[in-house]
Amino acid sequence: MSGIVGQPVTLSCPYPLKHRNNRKFLCKGDHHDHCTDVMTSGSRFTLQDDVSSSSFLVIVTKLEEGDAGTYWCGSDSTWSPEKYTKIELSVEWCCVQTHNISASVGYPLTFSCPHSRRHQDSRKFLCKGAQRSSCTDMLSQRRFTLQDDESSTFFVVMVTKLEDSDDGTYWCGSDSKWIAGNYTKIELSLEWCCVNTIKMRGIVGNSLILPCLYPPQHWNNDKFLCKGEQRDNCSDVLLSESRFTLQVDKSSSFFLVNITKLEEGDAGTYWCGSDSKWSAGNYTKIELSVGPASLNLVLYIVPALLFLFSILFAVFITHKCKQKEAEARKDKKRKKFDALVMVGANKVSVKPEDSVYENSSHFDKAENIQEQLYENLEATTDAYSVYM
């Protein structure tokens with residue numbers, strides 16, 4: 001019989017009908033004459049007797065690696081023939097484990113391979129191939145190195161600078177006999193790069209060009225563009241829409257899709273690429289929004305209005321500046337005039353004892369001087385302004 005570590009197993013032991021009242025036993029050892037009783041109290045081994053079938057069952061809960069070996073079970077300690085059964089129990093460390101790993105081309109990768117403690121000293125291996133029986137040893141390549149930690153139950157494989165050809169199925173383990181549980185299956189998928197997402201905007205009636213990147217090794221692949229919320233159920237628009245045309249430049253690492261006369265229904269999510277397997281990095285996600293034709297007017301009118309507003313604002317600021325300059329010049333004239341008036345008044349002397357009405361001729365003289373000074377000031381200011 002065989003079992004798996006951590007899982008239960010049931011052992012069946014028949015016995016003669018006449019021994020149905022005898023004590024049933026199960027012991028472990030290479031020979032029945034010096035085997036060890038495993039039916040001790042509190043153990044993981046429990047016995048269930050079914051008298052009607054002339055057999056008893058021994059249930060082992062949560063198998064351990066040490067449970068593997070030879071067992072003897074029966075109903076008579078005299079070990080007479082047909083009174084006992086010999087059981088060879090093999091315990092597999094575990095079933096085959098499968099790990100899915102994804103990585104990027106050009107970057108390093110490290111992954112671990114578990115193994116049984118019984119295989120601590122066994123040769124560790126890593127091979128590549130769809131079938132384990134015909135896989136190729138990879139540890140002979142310099143980019144693949146193995147590090148074994150004897151204190152643990154796994155070893156580590158390091159790959160430096162992943163290449164496109166590293167994509168595929170790997171098998172790693174500690175026993176070339178390929179016993180279940182002694183190896184691990186690894187599915188390695190390589191991403192050319194991360195998925196590229198682009199957000200674009202178009203206007204109804206206008207044309208639009210969608211750029212789509214692809215890896216250089218896909219230049220001979222069929223290019224595609226499909227539309228849908230999910231990449232796994234999108235519709236090919238290059239076949240269904242005549243307004244969509246594809247242009248490929250083999251000298252570059254991208255192709256273009258030209259959309260003529262955009263429609264509102266063209267808005268949505270697009271997927272374009274060069275590999276129908278949808279490997280990450282082999283396609284581009286495009287979020288396209290389409291605005292109404294009136295948006296054209298907005299795009300042209302708004303900048304024009306802003307330009308006109310800026311001109312009006314500049315004229316307004318210039319006018320205000322000129323007003324301030326004019327007021328400053330008038331204020332300067334007024335101050336000069338007041339200063340000249342003071343000078344002229346000092347030249348006209350009026351005696352205190354003279355009456356205002358009796359000496360009106362003095363005021364007439366002062367007024368004449370004031371008018372003359374004002375005229376001279378005006379002429380001087382005008383000449384100064386012309387000079388400036």
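Buried means under 20% relative accessible area, exposed over 50%, and partly exposed in between, with a 1.4 Å probe and protein chains only. By that scale C272 is buried, at 0% relative accessibility.

This is a predicted model, in which local features need pLDDT of at least 70, side-chain atom pairs count only at pLDDT 80 or more, and totals for chains, interfaces and linings use all residues. Residues are numbered from 1 along each chain as its sequence is written, and side-chain values use heavy atoms, with hydrogens and water left out.

**Stop 1: strand 2**

Select residues 9-14, which make up strand 2. Strands here are DSSP runs (E, at least two residues), as helices are (H or I, at least four), numbered from the N terminus. V9, L11 and C13 form the covered face. T10, S12 and P14 form the uncovered one. In a regular strand the side chains alternate between the two faces of the sheet.

Opposite L11 you will find V58.

**Stop 2**

Zoom in on strand 11 (residues 125-128): 2 bridges join it to strand 12, antiparallel. K128 has T136 as its bridge partner in strand 12.

**Stop 3: aromatic rings**

The whole structure has 6 aromatic pairs. The rings are those of Phe, Tyr and Trp (its six-membered ring), with centres within 6.5 Å; planes under 30 degrees apart are stacked, over 60 edge-to-face, and the rest tilted.

Select F45 and Y71. Their centres are 6.2 Å apart and their planes at 35 degrees, so the pair is tilted. F45 is in strand 5 (residues 45-50) and Y71 in strand 7 (residues 69-74), so the pair ties together parts 26 residues apart in sequence. Both F45 and Y71 are buried.

Next, W72 and Y84. This pair is also tilted, at 6.1 Å centre to centre and 55 degrees between the planes. W72 sits in strand 7 and Y84 in strand 8 (residues 84-92), so parts 12 residues apart in sequence are tied together. W72 is buried, with a relative accessible area of 6%. Y84 is partly exposed, at 27%.

Now pick Y15 and K24. K24 lies over the face of Y15, 4.7 Å from the ring centre. The criterion is NZ of Lys or CZ of Arg within 6 Å of the ring centre and within 35 degrees of the ring normal.

**Stop 4: disulfides**

Show the cysteines. There are 6 disulfides, each a pair of cysteine sulfur atoms within 2.5 Å.

- C113 and C172: the sulfur atoms are 1.9 Å apart, and the link is left-handed, with -100 degrees about the S-S bond. It links distant parts of the chain, strand 10 (residues 109-114) and strand 15 (residues 168-173), the cysteines being 59 residues apart.
- C212 and C272: S to S is 1.9 Å, and the link is left-handed at -105 degrees. C212 is in strand 18 (residues 208-213) and C272 in strand 23 (residues 268-273), 60 residues apart.
- C226 and C234: the sulfur atoms are 2.0 Å apart. The S-S torsion is about -55 degrees, so this disulfide is left-handed. C226 and C234 are buried.

Finish with the pattern. With the bonded cysteines numbered in sequence order, the pairing is 1-4, 2-3, 5-8, 6-7, 9-12, 10-11.

Technical notes:
Pairing = 2+ DSSP bridges.
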